[in-house]
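User: Hi! I'm new to this one and would like a friendly walk through it. Could you show it to me before we start?

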Amino acid sequence: MVKKLIMDKTEKSVVTFARWGNYTIAVKGLLEQLGMKVILPPKTNSTIIADGAKIAPELFCFPMKVTLGGYLAVIREGVDTILSIQNVGGSCRQKYYGLIQEKVLKDGGYKVKFVDFRATPRDIFKALKKNSGATDWQVASAFYTFFQKLSLIERIEKMAAKIRPREINKGGTEKIVREGLASIEKTKNLKELLNLKKQIISKLKKVEIDNSREVFKVGMIGEIYTVTDPAINFDLEAKLGLDGIEVHREMNLTYHLKKLAFPWIDWLIQRRIYSYLQSTVGGHGRDAIGEMLTFIEKDFDGVIQLLPFGCMPEVTVRPILEKIRQENNIPFLSLSLDEQVAEAGINTRLEAFADVVKNYHFKKQKDLKRQKDARTLNVKKI
Amino acid sequence: MKCYLGIDVGSISTNFVLVNEAGEVIYTLYIRTEGNPIKAVQAGLTMLKQNLSEKKMDVEVIGVGTTGSARYLVGAITGADLMKNEITAHARGASQFVPGLRTILEIGGQDSKIVILEDGSSVDFAMNLICSAGTGAFLDAQANRLKIPIEDFGDIALRSKKPTQLGARCTVFCESDMIHKQQIGHSTEDIVAGLCHGLVRNFLSSVAKGKNIKSKIVFQGGVSENKGIKKAFEDALQEEVIIPPYNTVMGAVGAAFLVRDKPPEKTKFLGFDITERDIRCSSFNCGGCPNNCEVIETRIDGKVAARWGDRCGKWSTMKLDI
């Protein structure tokens, strides 16, 4: 009955929103459960990026061009409303994406309505309610399903990162992840989702792994969009995973939502990094420093920073990350991504970085062994 | 004689190196790629075979390693046992000849890199990203402009007593700066030396930024033939800069040594006769999903020898004709 009420509204608008890695399907599910008609931008590829870059201001950041390209593709299919959220990446130029994209699209002769709202729980709730016509209860229950989906997606991502470097049958994990995500997108209700959850997780647990294999650990830090979207970072996590490297990242959508809901997380990070940086630099700049310190503490074999070309917060903290690298001697690679970057160049750097990470790992082991031997020798002497 | 073959296919040059089991370099060959890596490799292998028979050397290849930007393509058509990135290859090659090496400066045709080593293994590296300023292509363009052969560039630079200050951050702006300096009467020698200093300044402030440069420092790659650049590096770093043997083909040397470190049980090398066969390379967009990956396909005599470039592994794991 609920659905019927909403359906009865005349001239239903067709909405879209920016694609964001694997989380896209959870957001799509949320909007659909609220009775909105959603057309997703096609999966990000080089054509989409080129389309967006063509009409976007040249020096604006990369995610803005990518999302703009995605919008262009679906506007042609009849989308008339774009939901755009401000400040997803903390305070930086992301705040103006909606404004600028609206202007650029208008200048290009496209007619489309922008619903630009701030990323506070209250504003998100209000915006969704207003645009869907759903009741408080419906919005709340749709959010419940959304969080269930999101946590499942993130759990799959985390499990896959762990299994990939250890799998015996190369590429097996990737297949389960891909199929799993596709079936999550198709789920209609919570019950189906919970069933699916059991299936996917048991499938992942059944992947044959070789535990005796030497696995290297690398932490991925940086700007949230480039870090979490495999279509943007050239599938970096999977690539390194197949090379025997386990990639960890703190950054995901839940992390960001948690920070929105509990602002004191920022204070804790600030306290932790105080000796390196005494103020905010916008975006997830402080988080990058904090995460790098965590990864070093956990004895990782390397750290990769990803950023869109010209990302102000990440560019600001890069020299600090370099300094931390020099103090701790840990392998560090900073990759800045935009429409000009070729995959071949990234691959060469990643391959070389993988070699450096492995060298570092074995050197650490050797040093440890040497220390141990020296200690036993001393004991014998006494 | 049993040998390991190293092939380095870059944007400007294609290099071949043979290393014997004792770890001695017994043959090197440097030819121009001229935009066609497949032809370059075929021509190179033909020359290699000819040279060997002229010298009456009987060589059996027991391992092949490829490196450089076309390593996958060339690896597919020659049947390489190892395809390694050029950073690791250069580091491996140089550490063979200069023990205790800490820093490698490498400037090639279209890229430049710095590698920091500790105990013979690389611990840090950087490569130039989008800009070509600070590479061999930049020097080539300027030498062309000044109408001097690139081979004489270094000697001319060394004659200068007072190098001209040139902004070498960008190739285009450097050129206008250079014309201006010519017009106000700076000598060619000073300008050439100024270009060398500018290139080095650019390299150190962009590629090598924040890197811990310690001696022993090695300088290799095509541009290391240029004495002017070597001197400019020594002036800027205040340290001795070593030019190792085989400096222009170090990538190929490294690739050969990398195969020698872990020799394959049986090499996949397709033999020297691939030079006579018809090798074609084509690409198509898969279209199976919105990723729309560009899949590259190599055919030898019409039979598919390799496919790569797809993200999901649909094509690269497909059964091959050879």
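This is a predicted model: local features need pLDDT of at least 70, side-chain atom pairs count only at pLDDT 80 or more; totals for chains, interfaces and linings use all residues.

User: Let's zoom out. How many helices and strands does chain B have?
Analyst: Chain B has nine helices and 13 strands. Its radius of gyration is 21 Å, close to the 20 Å that the globule rule gives for 322 residues, so chain B is as compact as a globular protein of that length. Along its principal axes, the C-alpha trace of chain B spans about 65 × 50 × 40 Å.

User: What share of chain B counts as buried?
Analyst: Of its 322 residues, 47% count as buried. As for contacts in chain B with a separation of 6 or more, 64% of them are between residues 24 or more positions apart.

User: Is Phe16(B) buried or exposed?
Analyst: Phe16(B) counts as buried, because it has 23 C-beta neighbours inside 10 Å, and the cut-off for that class is 20 or more.

User: Which residues is Phe16(B) in contact with?
Analyst: Leaving aside neighbours within four places in sequence, Phe16(B) is in contact with Leu5(B), Ile7(B), Leu29(B), Gly44(B), Leu48(B) and Ala252(B). If you want another point to find from there, the C-alpha atoms of Phe16(B) and Gly93(B) are separated by 13 Å, with the two residues 77 apart along the chain.

User: Now the strands near the end of chain B. How many bridges join β11 to β12?
Analyst: Seven bridges join strand β11 (residues 279–285) of chain B to strand β12 (residues 294–300) of chain B, and the two run antiparallel. In that pairing, Asn285(B) stands opposite Glu294(B) in β12(B).

User: What about β12(B) and β13?
Analyst: β12(B) also pairs with strand β13 (residues 303–308) of chain B, in the antiparallel sense over five bridges. There, Ile296(B) stands opposite Trp308(B) in β13(B). The hairpin of β12(B) and β13(B) has two residues between the strands, and Asp301(B) takes a positive phi near 50 degrees in this hairpin.

User: Next topic, the two chains together. How many residues does each give to the contact?
Analyst: The contact takes 19 residues from chain B and 18 residues from chain A. On the side of chain B that touches chain A, the elements that give two or more residues are α3 and β8 (121–127) of chain B. β8(B) gives the most, with six residues. The residues of this side divide into six nonpolar, 10 polar and three charged.

User: And chain A itself, what is its mean pLDDT?
Analyst: The mean pLDDT of chain A is 89, and 96% of its residues reach 70 or more. Over residues 1–10 of chain A, though, the pLDDT is below 50, and this stretch has eight contacts in the model beyond near neighbours in sequence.

User: Which domains is chain A divided into?
Analyst: Chain A has domain 1 (11–134), domain 2 (137–211) and domain 3 (214–382). In domain 1 of chain A, 23 residues are in contact with 24 residues of domain 3 of chain A. α4(A) gives the most to the domain 1 side of that contact, with four residues.

User: Last one: what is the strand order in the open sheet of chain A?
Analyst: The order is β2-β1-β3-β4 (chain A), with parallel pairing. The edge strands are β2 (37–38) and β4 (113–118) of chain A, each pairing on one side only. Strand β1 (residues 14–17) of chain A pairs with strand β3 (residues 81–86) of chain A over three bridges, and the bridge partner of Phe17(A) in β3(A) is Leu83(A).

How values were computed
Residues are numbered from 1 along each chain as its sequence is written. Chains are lettered from A and ligands numbered from 1 in the order in which they are written. The radius of gyration is taken over C-alpha atoms; the globule rule is 2.2 Å times the number of residues to the power 0.38. A residue is buried if 20 or more other C-beta atoms lie within 10 Å of its own, exposed if 12 or fewer, and partly exposed in between; C-beta atoms are placed from the backbone. Two residues are in contact if their C-beta atoms, placed from the backbone, lie within 7 Å. pLDDT is the predictor's confidence in each residue, from 0 to 100. Ala, Val, Leu, Ile, Met, Phe, Trp, Tyr, Cys and Pro count as nonpolar, Asp, Glu, Lys and Arg as charged, and the others, Gly among them, as polar. Domain bounds come from an automatic or database domain assignment. Two strands pair if DSSP finds at least two bridges between them.
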